Amino acid sequence: MMDLYNEKNVTIMTHPLIQHKISLLRDKNTGTNEFRKLVEEIAMLEGFVALGDLPLEDVEVETPIETCMTPMISGRKLAIVPILRAGLGMVSGVTALVPTAKIGHIGMYRNEETFEPMEYYCKLPRPIDERTIVVVDPMLATGGSAIDAINQIKKHGGKTIKFMCIIAAPEGLVKVHEEHPDVQIYVGHLDRELNANAYICPGLGDAGDRIFGTK
Ligand code: PRP
Ligand code: URA
């Protein structure tokens, strides 16, 4: 298998705050309210890294002392695209960093027998081709949902795409990276493997159910 830690366009987080919060997420005794807060906080911390290449331009600002040229984020508009449902939990963490970002939605669920993603909704902000698009979903398991979501965004004209997840399985991450080598992928933690039900081990269970308190 490729060395995912050294792949260009794959960033696996090592920051202790992210690792600590992911460990709290994994705990089966972490309740819905805390789980939601942690997902939001991790998304903000990962977003801080993922948006580290936003272009800057110097603008004129008058301080109480003098007028100066000082950098501000320029031009490119941002779109955040959660994969429903679980991706919704990450949106507020990224909008806390970029409040003006527009938000698209892609609805997908995994068929429980085939594990194939089934798409049921897609609405993206226009003009999508002029935006930096950050797709968010806490779990990258087989990679099917991420691959299909990115295909859908590219079909609509999306060009600059980043994918951000909290936990990934190595086999799924390899697939997404091979299918979409141009997409920058950010992973909170790389787990061991998928089990026979295509759940990530050790993982955190079903992210959607834990965020929304279903099941
Ligand atoms: C989960 C998760 C991803 C997908 C990952 O969603 O949020 O979207 O599974 O699995 P994959 O990499 O094998 O495609 P799920 O289908 O459970 O839907 P939900 O968010 O509505 O619960
Ligand atoms: N989706 C989840 O929510 N968890 C997994 O472990 C795999 C897919």
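I began with Phe-48, which sits in helix α2, residues 32–50. Helices here are DSSP runs of H or I with at least four residues, strands are E runs of at least two, and both are numbered from the N terminus. The model is predicted: local features need pLDDT of at least 70, side-chain atom pairs count only at pLDDT 80 or more, and totals for chains, interfaces and linings use all residues. Residues are numbered from 1 along each chain as its sequence is written, chains are lettered from A and ligands numbered from 1 in written order, and side-chain values use heavy atoms, without hydrogens and water.

**Surface patch**

I looked up the exposure of Phe-48: its relative accessible area is 64%, so Phe-48 is exposed. My cut-offs are under 20% for buried, over 50% for exposed and partly exposed in between (1.4 Å probe, protein chains only).

**Core**

Next I checked the largest nonpolar core. It has 34 residues, and Leu-25, Met-164 and Ile-166 touch the most other members. Helix α2 gives the largest share, 6 residues. A core joins buried Ala, Val, Leu, Ile, Met, Phe, Trp, Tyr and Cys residues through side-chain atoms within 4.5 Å.

**Salt bridges**

I found 7 salt bridges in the structure. The criterion is a side-chain nitrogen of Lys or Arg within 4 Å of a carboxyl oxygen of Asp or Glu. Arg-26 and Asp-191 pair at 2.7 Å, N to O. Arg-26 is in helix α1 and Asp-191 in the loop between β11 and β12, so the bridge ties parts 165 residues apart in sequence. Asp-191 is buried at 5%, while Arg-26 is partly exposed at 22%.

I then followed Asp-209. Its partner Arg-85 has its closest N and O atoms 3.2 Å away. Lys-215 also bridges to Asp-209, at 3.7 Å. Shared partners join Arg-85, Asp-209 and Lys-215 into one network. Asp-209 is buried at 13%, Arg-85 partly exposed at 33% and Lys-215 exposed at 85%.

**Ligand 2**

Last, I checked backbone atoms at ligand 2. A backbone N or O atom of Ile-200 lies 2.8 Å from a ligand oxygen. For Gly-205, a backbone N or O atom lies 2.8 Å from a ligand nitrogen.

Definitions and conventions
Polar contact = N/O pair within 3.5 Å; in protein donor to acceptor, adjacent residues only side chain to side chain.
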